[in-house]
Amino acid sequence: MHSLTKDQSPWIPNGKEGVMSLLRPLLLDVVPTIQQTAALALGRLANYNGDLAEAVVKGDILPQLVYSLAEQNRFYKKAAAFVLRAVGKHSPQLAQAIVDCGALDTLVICLEDFDPGVKEAAAWALGYIARHNAELSQAVVDAGAVPLLVLCIQEPEIALKRIAASALSDISKHSPELAQTVVDVGAIAHLAQMILNPDSKLKRQVLSALSQIAKHSVDLAEMVVEAEIFPVVLTCLKDKDDYVKKNASTLIREIAKHTPELSQLIVNTGGVAAVTDCIGSCKGNIRLPGIMMLGYVAAHSENLAMAVIVSKAVPQLSVCLSEEPEDHIKAAAAWALGQIGRHTPEHARAVAVTNTLPVLLSLYMSTESSEDLQTKSKKAIKSILQKCTYLPALEPFLYDAPPNILKHVVGQFSKVLPHDSKARRLFVTSGGLKKVQEIKAGPGSLLQEYINSINSCYPEEIVRYYSPGYSDALLQRVDSYQPLAN
Amino acid sequence: MATLARLQARSTFLAHQYYFRNSAVDVFRKKEYDAAVKIQSWFRGCRIRAYLRYLHRVATVIQKCWRGYLGRQHYQLIVKLEFCTMKMNLYNAMAVRIQKRWRGYRIRKYCFNYFYLKEYLKAVSETNDAIRYCYQGFAILDELCDHTAWRLKRKNTTLFPVYSMLNTSSHQMCGFSMPGNLRHQEALEEFAEMKEREEKKADLEREEKKRDYQARKMHYLLSTKQIPGIYNSPFRKDPDPWELRLQKAKPLISQRPKVKQKRGVNISNRLACTSARSLPQSEILPPIDRKQCQGPFRDITEVLEQRYKPLEPTLWMAEPINELKMAREELRKQEWMRNINDNMFLPFSSYHKNKKYIPLMHSSSKYGPNSYGSQHFRDENPKKWICDKDFQTVLPSFDLFSKYGKLYSKAGQII
């Protein structure tokens with residue numbers, strides 16, 4: 001009967017009350033196999049959806065499970081931990097119910113068990129409970145789970161390591177104090193060792209745990225770096241598994257965003273090139289942390305931004321900008337380009353040479369872009385334009401930019417043209433002077449001043465020649481001219 | 001007397017003459033007086049004028065000297081001032097030169113060294129190239145290193161030397177000054193190619209094995225003399241390669257399904273003979289020349305089943321009630337045997353400080369979580385106990401149905 005229930009459980013969403021009342025006395029049965037199978041059935045039911053899990057909680061089954069967890073053999077413990085995990089994963093309230101019936105202490109006792117399957121089940125349950133919010137994580141930590149999880153990480157079974165790493169990641173992600181607790185137990189050294197492991201799912205979890213630890217503060221990031229993860233982490237950026245790449249670039253991003261010194265360290269070990277190649281080799285959301293990492297590195301100082309440019313990141317970012325379909329990834333790429341190009345004219349030139357400015361402009365002007373994308377591309381354009389002295393890239397802007405951006409473009413021209421004669425010639429021959437004359441600006445506005453300063457670089461005849469309506473004025477003069485009567 | 005008379009007669013004449021002469025003089029007296037005054041005043045004027053001229057000359061000399069003195073003093077002041085200003089200008093100019101050089105030097109050396117930046121960027125790009133080429137092969141080298149590292153770990157050697165060796169090698173590959181970089185690169189690329197070739201070979205071999213297995217399963221599709229098989233169609237010029245494969249294939253013998261070991265029932269520990277096959281199966285036939293025994297007998301297979309039945313302990317016996325405790329004891333004994341020192345477990349982060357582990361207040365003070373209501377549900381009062389031991393949670397075995405249908409005797413069975 002119990003095996004029947006176990007097999008049918010994925011298909012019984014309804015009649016949950018009846019099922020609970022059927023299964024509950026089976027839990028108290030004498031025969032251990034029946035207890036175990038009943039627990040397994042409960043677990044699968046609770047796993048299926050949240051309502052059934054709530055029914056499990058309401059049916060007062062949890063105290064019985066917890067009580068017998070301490071006493072029974074390992075198969076029962078595994079099944080009971082599976083039930084707790086299945087119940088705890090759906091929502092914080094259910095997880096809180098599990099904590100309230102004192103399951104945490106027993107789960108921690110299970111973590112000390114010598115059977116790795118029991119440890120895995122207990123660690124999984126603890127991880128799912130700690131995932132929801134900081135209070136639950138704190139409860140898990142207070143029950144003394146963290147040192148035991150670190151012990152579990154050192155066990156030889158790969159599955160146990162994975163689960164323990166993911167539990168540590170879930171615990172440390174909520175707040176710096178929790179991350180500090182995890183670090184105090186010495187988890188970083190063990191996690192750092194496991195980066196070399198060939199199993200890709202384990203690598204995912206380990207990298208995710210390290211990035212959750214490093215993201216909170218500079219000290220934690222420095223401690224993660226001190227565990228000598230560079231340059232080994234860069235090998236993970238070449239892994240075949242996409243999520244390993246994503247988590248590795250998340251880790252590098254979290255470290256790079258804190259201080260310029262940490263970014264410098266990453267640049268010195270060649271991290272920027274590795275991340276750039278990683279961005280080139282994957283698509284979609286996997287790229288996003290890598291793009292953000294480049295932006296953070298470039299944002300700190302102009303030397304770092306120059307290092308990013310030297311690592312050939314700018315063409316890669318402009319490829320991302322043009323070919324990604326999703327708006328938030330485009331927004332991230334636009335932001336990163338803005339951070340790279342905003343420092344000095346050299347940087348702005350490096351960005352402008354790759355022809356990204358028209359793409360940014362079109363993203364800003366298009367009505368389909370989200371607001372976030374529009375704001376970010378506008379900021380990027382403005383910050384790059386304010387430093388850009390590379391005139392061939394600025395010229396297209398004269399034609400299709402909106403007035404607020406046109407102001408900056410014309411301002412840049414007015415700064416560069418007075419000093420460069422070749423640029424002046426090019427400006428005239430490419431039709432830029434003509435376009436500038438056609439711009440209508442309010443008198444006394446900044447735009448008019450810029451136009452005046454551009455006009456003052458050229459002799460009057462040329463300015464008049466290119467001013468609009470000059471041909472009509474000439475024809476009028478022809479009409480009104482009286483030839484000298486001879 | 002006559003003279004007196006004459007004098008007296010002349011006296012009036014005398015008087016008149018006297019008066020007349022005096023008054024005649026008086027007429028000229030004024031003129032003469034005025035003339036005399038004029039002459040005198042003119043002379044006096046000349047004298048005074050001469051004196052004044054003299055005085056003027058003298059005063060001019062004095063004033064000339066004095067003014068010259070003052071002017072020279074003034075001039076000296078101006079010259080001094082001018083000199084000072086010229087000196088200060090010179091000093092300022094020299095100071096500007098010194099400061100110019102110093103500021104240029106300071107900026108170039110301490111604040112922003114352009115050439116250093118250039119060198120740094122060059123080094124960064126070299127590192128990047130190293131990473132790109134190294135790690136193209138490293139992705140495959142990485143697996144190899146991991147396998148060796150993990151094999152080492154399984155032998156219980158510490159990973160740190162291997163890790164640091166990997167680290168230093170990769171640091172060497174990625175340091176700023178890399179003399180042997182190109183050698184590394186070439187070696188790694190060659191290695192990568194070799195690895196790729198090996199992988200391809202392994203793939204091909206796997207494909208061959210699969211096809212062989214399939215051919216063995218399909219051996220009956222081979223064509224005979226009378227009937228051509230499906231791969232040997234008469235309309236073809238030459239038979240399909242599968243036909244040749246089928247000719248070479250050996251027919252597959254279907255294997256018996258393996259008996260799955262039931263987990264948990266660890267009977268082998270309880271029996272003297274530990275192999276499951278050491279007891280004869282019931283399929284073995286009895287000897288032929290046996291004398292027939294008398295009486296209604298049960299089916300011989302049933303008898304042999306019962307005779308050679310392996311031990312089927314009840315679940316009560318399968319797991320002892322205090323298995324957990326025993327296992328824990330065993331583990332503790334093993335650990336005690338293996339321990340080098342028996343000191344208490346110290347926490348990881350303060351290990352080198354030799355501090356004692358301070359457990360949570362919850363678990364160490366007597367005001368911790370109450371186990372009543374969560375771990376046990378009976379109230380306890382040890383003072384009222386007769387003996388000093390508590391109740392043991394010992395569940396009696398409820399054996400009613402464990403032997404159902406498994407007893408040899410037919411007692412109680414409804415036929």
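**Aromatic rings and a cavity**

A: A:Trp124 and A:Tyr128 are both part of helix 9 of chain A, which covers residues 116-130. They are four residues apart, about one turn of the helix. The model is a predicted one. Over all chains, 10 aromatic pairs are counted. For A:Trp124 and A:Tyr128, the ring centres are 6.3 Å apart and the planes meet at 75°, so this pair is edge-to-face; the cut-off for that label is over 60 degrees.

The charged end of A:Arg85 also sits over the ring of A:Trp124, at 3.7 Å from the ring centre. A:Tyr128 has a relative accessible area of 17% and is buried, because buried means under 20%.

A second pair is found in chain B. The rings of B:Trp102 and B:Tyr105 have centres 5.7 Å apart and planes at 40°, so the pair is tilted. B:Trp102 and B:Tyr105 lie three residues apart in helix 1 of chain B (residues 2-111), about one helical turn. Both are partly exposed: B:Trp102 has 46% relative accessibility, and B:Tyr105 has a relative accessible area of 38%.

Two further arrangements involve tyrosines. In chain A, one aromatic cluster is made of A:Tyr465, A:Tyr466 and A:Tyr470. In chain B, the charged end of B:Arg298 sits over the ring of B:Tyr408, 4.1 Å from the ring centre.

From chain A, its lining includes A:Asn73, A:Arg74, A:Lys77, A:Asp113 and A:Phe114; from chain B come B:Glu323, B:Leu324 and B:Ala327. Helix 6 (74-88) of chain A and helix 8 (323-338) of chain B each supply at least two residues of this lining. Helix 8 of chain B gives the most, with three residues. By type, the lining of the largest cavity has three nonpolar residues, one polar and four charged.

Conventions. Residues are numbered from 1 along each chain as its sequence is written. Chains are lettered from A and ligands numbered from 1 in the order in which they are written. This is a predicted model: local features need pLDDT of at least 70, side-chain atom pairs count only at pLDDT 80 or more; totals for chains, interfaces and linings use all residues. Side-chain values use heavy atoms; hydrogens and water are left out. Rings of Phe, Tyr and Trp (its six-membered ring) pair if their centres lie within 6.5 Å; planes under 30 degrees apart count as stacked, over 60 as edge-to-face and the rest as tilted. Buried means under 20% relative accessible area, exposed over 50%, partly exposed in between (1.4 Å probe, protein chains only). A charge sits over a ring if NZ of Lys or CZ of Arg is within 6 Å of the ring centre and within 35 degrees of the ring normal. On a 1 Å grid over the protein atoms alone, a cavity is a set of points where a 1.4 Å probe fits but cannot get out, and a pocket is an open set with protein on both sides within 12 Å along at least five of seven lines; lining residues have an atom within 4 Å of a point. Ala, Val, Leu, Ile, Met, Phe, Trp, Tyr, Cys and Pro count as nonpolar, Asp, Glu, Lys and Arg as charged, and the others, Gly among them, as polar.
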